[in-house]
Amino acid sequence: MGSFDLNHSLKPNSDNLENLLDPEEFRRQGHMIIDFIADYYKTIEKYPVLTQVKPGYLRKRLPKSAQYNPEPIETILHDVQDHIIPGLTHWQSPSHFAFFPSSGSIAGFLGEMLATGFNVVGFNWMSSPVASELESIVMDWLGEMLKLPESFLFSGGGGGVLHGTTCEAVLCTLVAARDQMLSKIGRENIGKLVVYASDQTHCAIKKAAQIAGIEPKNFRVITTSRSTSFSLPPDLLRSTIRSDIEAGLFPSFVCATMGTTSTTAVDPLPSICDVAKDYGMWVHVDAAYTGSCCICPEFRHFIDGVEGANSFSFNAHKWFFTTLDCCCLWLKDPSALIKSLSTNPEYLRNKATDSKQVVNYKDWQIALSRRFRALKLWLVLRSYGVEKLRDTLRRHVEMAKTFERLIAADKRFEIVHPRYFGLVCFRISPTAIIDHKPKNKPIQNVGAYNDDRDDQKCINEINHKLLESINASGSMYITHAVVDKIFLLRFAVGATLTEESHIFMAWKVVKQHAEDILKDV
Ligand SMILES: *Cc1c(COP(=O)(O)O)cnc(C)c1O
């Protein structure tokens with residue numbers, strides 16, 4: 001690397017001698033940052049929801065190397081305003097309807113700030129007892145709110161842990177399931193383990209199987225269809241398992257999804273658990289997005305049958321007002337996880353661990369070090385209480401219903417998949433396109449249009465154009481999915497600042513852009 005100026009670094013400089021954690025300076029700068037964020041929220045609607053910067057924009061604006069001398073926070077905040085904010089996609093905007101929500105809240109932000117402020121590293125009980133104890137307590141509280149069976153709670157012999165993301169939670173769970181099966185059939189048979197998912201299952205499961213050493217050819221993808229609303233067909237699961245067994249393989253793990261990422265399809269949990277039970281398989285329930293709304297009695301039925309599963313996870317950082325990252329994972333038999341993930345180096349030995357009366361969460365996850373995530377969840381639960389949390393989730397679902405009604409009432413549009421939660425899947429309807437389109441006439445910017453296969457392609461391309469045109473406007477942000485060769489638009493309600501007026505505004509934007517596009521057809 002470049003030359004290091006030794007003389008310079010030895011020069012007495014009062015700035016350099018200032019304590020990096022001076023409490024009064026922290027107070028001053030901290031208040032400025034809070035004010036800055038509050039102002040950001042006050043004015044968030046003036047920014048295009050989807051950023052309009054081009055790749056590499058930032059390198060052109062920032063210096064080539066890090067500066068040598070300290071800079072005041074005032075200067076840095078100016079640059080945040082001028083150079084960082086333009087590159088943000090505003091997930092907290094009330095008109096962010098893309099992907100699934102990443103709902104923020106005052107309690108979530110401040111809980112995060114407290115945890116970061118303490119900056120403890122709670123790998124085992126000793127390293128910060130409250131971090132482990134609070135985590136076990138809030139996981140039991142939350143499990144009770146979801147009416148998870150007692151067997152998933154610490155009080156019933158199970159237990160919960162906070163991971164960063166579903167990807168990590170699923171990997172750890174799959175590793176536990178793998179090792180449990182291998183302990184019965186012998187480790188040399190790892191190449192014969194089979195993992196099952198549907199074609200709608202999140203790619204997190206496939207990634208977990210790749211990392212866990214499952215043979216790629218033993219990752220089974222069960223096909224779903226539009227006629228059964230993209231839920232995993234249990235008969236097909238059973239027949240696939242049977243043929244795998246006949247081929248000398250060992251079925252070990254199946255993932256059931258409550259609310260798939262493309263359309264919020266719901267897998268038939270009780271039937272899947274019945275099948276898995278017959279073959280001694282592990283069932284994981286991935287409720288990443290929908291898990292939170294199961295705190296409302298009217299949505300709880302979506303996870304009926306969870307008592308037959310081995311593990312259950314949902315992301316509090318999606319639709320539960322807790323900042324990223326915060327994935328809640330419960331297991332009926334945490335000892336299976338601990339067996340796979342524990343290590344016991346001398347330097348971590350202590351009396352509390354030896355007494356076997358404490359939870360050492362390092363043995364429930366991939367990393368050794370861990371953040372004090374329970375604090376933000378605790379703040380969210382306490383600041384809002386069950387009732388307000390339920391009401392807020394219900395308000396989001398009502399707003400999604402409003403959008404769904406507006407779409408359904410206009411013949412030019414089509415609801416592609418039933419709405420169960422806060423996600424509406426729609427598109428410009430095929431009839432709106434085909435009926436107004438003489439055969440054999442190329443569509444402007446879309447191309448030739450001759451037979452039925454071209455019809456499908458053309459319908460998809462027009463809907464793709466609609467998506468891009470809406471997002472380029474900056475007034476709102478939505479994303480898409482392709483299921484059964486259908487390109488659909490996803491409208492996910494769940495940003496904390498969204499009000500009914502934003503839903504009507506969004507409908508106006510969708511309608512206007514669709515009209516403009518249909519004019520060209
Ligand atoms: C979002 C999502 C995931 C991935 O969650 P991460 O926390 O980003 O790993 C997994 N499964 C489903 C169903 C999801 O919607």
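Glycine 494 is buried, at a relative accessible area of 1% (buried: under 20% relative accessible area; exposed: over 50%; partly exposed: in between; 1.4 Å probe, protein chains only). The model is predicted, so local features need pLDDT of at least 70, side-chain atom pairs count only at pLDDT 80 or more, and totals for chains, interfaces and linings use all residues. Residues are numbered from 1 along each chain as its sequence is written, and side-chain values use heavy atoms, without hydrogens and water.

Glycine 494 lies in the loop between strand E11 (486-492) and helix H18 (500-519). Helices (H or I, at least four residues) and strands (E, at least two) are DSSP runs, numbered from the N terminus. Beyond neighbours within four places in sequence, glycine 494 contacts Pro101, Ser103, Trp319 and His396 (contact: heavy atoms within 4.5 Å).

Ser103 also touches phenylalanine 320. Other contacts of phenylalanine 320 include Leu142, Phe314 and Leu389, residues up to four places away in sequence being left out.

The largest nonpolar core holds 74 residues. Such a core is a set of buried Ala, Val, Leu, Ile, Met, Phe, Trp, Tyr and Cys residues joined through side-chain atoms within 4.5 Å. Phe312, Phe314, Phe320 and Trp330 have the most contacts inside the largest core. Helix H15 (residues 374-408) gives the most to this core, with nine residues. A second, separate core of 33 residues includes Val170, Cys327, Leu341 and Val359.

Helix H7 spans residues 166-185. Of its 20 residues, 15 are buried, so H7 is largely enclosed by the rest of the structure. Glycine 186 follows H7, with a positive phi near 95°.

Note on methods. The expected span of a helix is 1.5 Å times one less than its number of residues.
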